Amino acid sequence: MSDGVKAVLCQCGHSGLFTKDDEGNWSVTCCDCKVSVKAESVNNARFAWNELQTVDDKPVTAFSILDKAQGHMKDRAATYDAEGERSIGKTREAFNIITGDGVMNTDERAWLFMVLLKLVRAQSGNLRMDSYEDGAAYFALAGESAAVERGGN
């Protein structure tokens, strides 16, 4: 990532920006509320930012989880689908075609399913690079699982 690249949404609903300082440290700062995290690498900054988003001063309750889930679904609907989060049908169809049997009986196949979900989302709605980034990570995890489960190198 380069300076000024938008990150995931902050708890306040605004985007954060990745920046790199003169010493090579990365930070992510919310454009609105100015919440910020700093780390030695862009990946560590992303992890710290994501971790920050899970911290809330309010107690976690089933209702707070459902409220956040509803917000995520609305975000996905606005980004990927006209009718709400509906990527799963195309993902299931692709999984069935690729595997031939649709059975999700290994970690490798579970990661493959997630790769396919990201591929479907990458072709829906506005461009979001996280679909490609997550897809690459999931495919690497599928390869790692395949090596363990099927005796690869």
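Student: In which helix does M129 lie?

Tutor: In this predicted model, M129 lies in helix α5, which covers residues 129-150.

Student: Which other residue has its place in helix α5, and how far is its C-alpha atom from that of E108?

Tutor: A147 has its place in helix α5, and because its relative accessibility is 25%, A147 counts as partly exposed. The C-alpha atoms of A147 and E108 are separated by 9.0 Å, although the two residues stand 39 residues apart along the chain.

Student: With which residue does R150 form a salt bridge?

Tutor: The general idea is that side chains of opposite charge can pair when their charged atoms come close. Here R150 forms a salt bridge with E108, and the closest N and O atoms are 2.6 Å apart. R150 is exposed because its relative accessible area is 63%, whereas E108, at 18%, is buried.

Student: How many salt bridges does the structure hold, and which residue pairs with D101?

Tutor: The structure holds four salt bridges. One of them joins the side chains of D101 and R109, with an N to O distance of 2.5 Å. D101, with a relative accessibility of 46%, counts as partly exposed, while R109 is buried, its relative accessible area being 18%.

Student: Where in the chain are K38 and D21, whose pair links distant parts?

Tutor: The side chains of K38 and D21 meet in a salt bridge at 3.4 Å, N to O. K38 is in strand β4 and D21 is in the loop between β2 (15-20) and β3, so that the pair, 17 residues apart, links distant parts of the chain. K38 is exposed, with a relative accessible area of 57%, and D21 is partly exposed, with a relative accessible area of 27%.

Student: Which residues make up the largest nonpolar core?

Tutor: As a general idea, in soluble globular proteins nonpolar side chains tend to be buried together. In this structure the largest nonpolar core consists of six residues, namely F18, W26, V28, V37, A39 and A45. Strands β3 (26-30) and β4 (36-39) each supply at least two residues of this core.

Student: Is V28 buried or exposed?

Tutor: V28, which lies in strand β3, is buried, because its relative accessible area is 0% and the cut-off for a buried residue is under 20%. V28 and R46 are 18 residues apart in sequence, yet their C-alpha atoms are 7.6 Å apart in space.

Student: With which residues is S27 in contact, leaving aside its neighbours within four places in sequence?

Tutor: S27 is found in strand β3, and with a relative accessibility of 15% S27 counts as buried. Once its neighbours within four places in sequence are left aside, S27 is in contact with L17, F18, T19, S36, V37 and K38.

Student: In what order do the elements of the protein chain run from the N terminus?

Tutor: The protein chain has five helices and four strands, and from the N terminus on they run β-β-β-β-α-α-α-α-α. Among contacts with a separation of 6 or more, 34% are between residues 24 or more positions apart. Buried residues make up 28% of the 153 residues in the chain, and the chain exposes about 10200 Å², of which carbon and sulfur atoms supply 55%.

Student: Where is confidence lowest and where is it highest?

Tutor: Confidence is lowest in strand β1 (residues 5-9), with a mean of 53, and highest in helix α3 (residues 88-99), at 93. Over the protein chain the average pLDDT is 78, and 75% of the residues score at least 70.

Conventions:
Residues are numbered from 1 along each chain as its sequence is written. This is a predicted model: local features need pLDDT of at least 70, side-chain atom pairs count only at pLDDT 80 or more; totals for chains, interfaces and linings use all residues. Side-chain values use heavy atoms; hydrogens and water are left out. A nonpolar core is a set of buried Ala, Val, Leu, Ile, Met, Phe, Trp, Tyr and Cys residues joined through side-chain atoms within 4.5 Å. Buried means under 20% relative accessible area, exposed over 50%, partly exposed in between (1.4 Å probe, protein chains only). Contact means heavy atoms within 4.5 Å. Accessible areas come from the Shrake-Rupley method with a 1.4 Å probe; for residues, only the protein chains shown count as cover. pLDDT is the predictor's confidence in each residue, from 0 to 100.
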